[in-house]
Amino acid sequence: MDIQRVAEKLLAPRSPPPEMLAPTETLEHLKGRLAEAIGLLPLRRPNGLASLVLELPRVPALAPVLPGPQFQFAHRDSNRLHAGYGVAAEWQAEGPSRLATLRGEAQILRSEWYQLDVDETGLQGFAMLGFAASPLSPTKQGAEELPNALLWVPEVALHGHRNQGALVLTTALPTSRDGLLNRWGAWLDRIVPAMTNPQPTPPRAPIALKRRGNQPEIAAWEQLVEAALAEIAEGRLEKTVVSRRLRLAADHPFQLDRLMATLGELFPSCQVVHLRREETSFVAATPERLLTQRGDEVEVDAIAGTVARAADPERDAELAEALRASSKDRHEHGLVIAAVREALSHCAEQIRVPTSPTIMQLRNAQHLWSRVRAKLHPDVDVFRLAELLHPTPATNGEPRAAASAWLRHAEPLERGWYTGAAGIVTPELTGELWVLLRCARLQEKTADLYAGAGIVAGSDPLCEWQETEDKLAAMLTALQFA
């Protein structure tokens, strides 16, 4: 990646944001609408949730970073934003039945979630669903860490799509009118001024980051890849995906608002994700959807086969053409397509796969990409789809169970939420989930970056190490401007 060109773009003067109401005017308007509408909510109901949807004159491209629990999913190219603050309700689970457990809670919630859209925006409240790579990963101790699997309804949500936006306030029932009015008013006092703050500017020059070690180091990585190749040669695996972690240290705490802005600028076609409980943040700029469900239609990204980018356009085109022609990469991509097709065969029909993959070009890498579509059977929801599709061969291997078992034994690091998934669930239990790639776990001045490489017959350990270096460059570059 050409750091100098990235720096020049990031440090260039920024255009002013579109016009919107002044912060004081917006705040007073929303407080007035809140006072008018709060009496329409069924606050004496014995259980469930109630949400009040208030239209916003404009939603920022990125949500402000505030203290406390929050999440954010921002996609620059499609001009979509979902963010949440605080906790109105949440459910945690772990183990092989984690998604079934959360699905049961969501089905109860669906019948007990009252939504009041007083401004007729057509938007509604939503929950965040996310989970770690493995259902067997131990749950971290302490409120600052993410649990193994989580369904989270925020107390305050930002919902933006193109030029339409809303603020969604949610409470558990029953509650009192006066207490709720005070609590929601305090949230408005915090969020509305923060939404109108100018986008944070990057530092005058890229900050210095110190490498504090890899897990595994390169010699152990070579042994790990060779062990995977031996499993493949013996016919026990067709493919597996091995991962590494790079620890970085900075001289000052990372600025999350600046990091999110930088990731959005560098990777506008990726979903930029921020998940935080307390002090620890998990951040990603992922190109890969696990699924998007709209009614009875589902779309799935199949991404496998990777090559670096080149600054010279002719060389870049040559690399893309070589990727298309690579029998190794086409085989790896075909394994993902086959796994997606097999997973969807249990819950869908009319499965449509492109005749050949296209090239997805990101700033630091290009991938073989196929978008798979299908029509779902009745009563299939986002939880069931996630059970069937995760983990994908692009992050785990094939056959799925054998690859998972081998990785639990052989991989020397705990992935946590890296290669897990997270996204938005509607009250109807549809939604969109993204595979958590190109990510980092941040705490104060320390960042743990994660990347992996798909191993198939013919893989070379040093080439696969370089592939992970290319993938790590995405977050590493962004952190230099945080």
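Reply: Happy to! Two strands pair if DSSP finds at least two bridges between them, and strands (E, at least two residues) and helices (H or I, at least four) are DSSP runs, numbered from the N terminus. This is a predicted model, where local features need pLDDT of at least 70, side-chain atom pairs count only at pLDDT 80 or more, and totals for chains, interfaces and linings use all residues. Residues are numbered from 1 along each chain as its sequence is written, and side-chain values use heavy atoms, with hydrogens and water left out.

Me: Thanks! How many bridges join S2 to S12?
Reply: Six, with S2 (residues 70-75) running antiparallel to S12. Ala74 sits opposite Val272 of S12.

Me: And which residue is the bridge partner of Leu275 in S13?
Reply: That is Phe282. S13 (residues 281-286) is antiparallel to S12 as well, over six bridges, and the two make a hairpin with four residues between them.

Me: Is S12 mostly covered or uncovered?
Reply: Mostly covered: six of the six residues in S12 (271-276) are buried, meaning under 20% relative accessible area with a 1.4 Å probe, protein chains only. Gln271, Val273 and Leu275 point one way, and Val272, His274 and Arg276 the other.

Me: Why the two directions?
Reply: In a regular strand the side chains alternate between the two faces of the sheet.

Me: New topic: which helix gives the most to the lining of the second largest pocket?
Reply: H10, with five residues. Helices H3 (98-110), H9 (382-389) and H10 (400-410) each supply at least two.

Notes
Buried means under 20% relative accessible area, exposed over 50%, partly exposed in between (1.4 Å probe, protein chains only).
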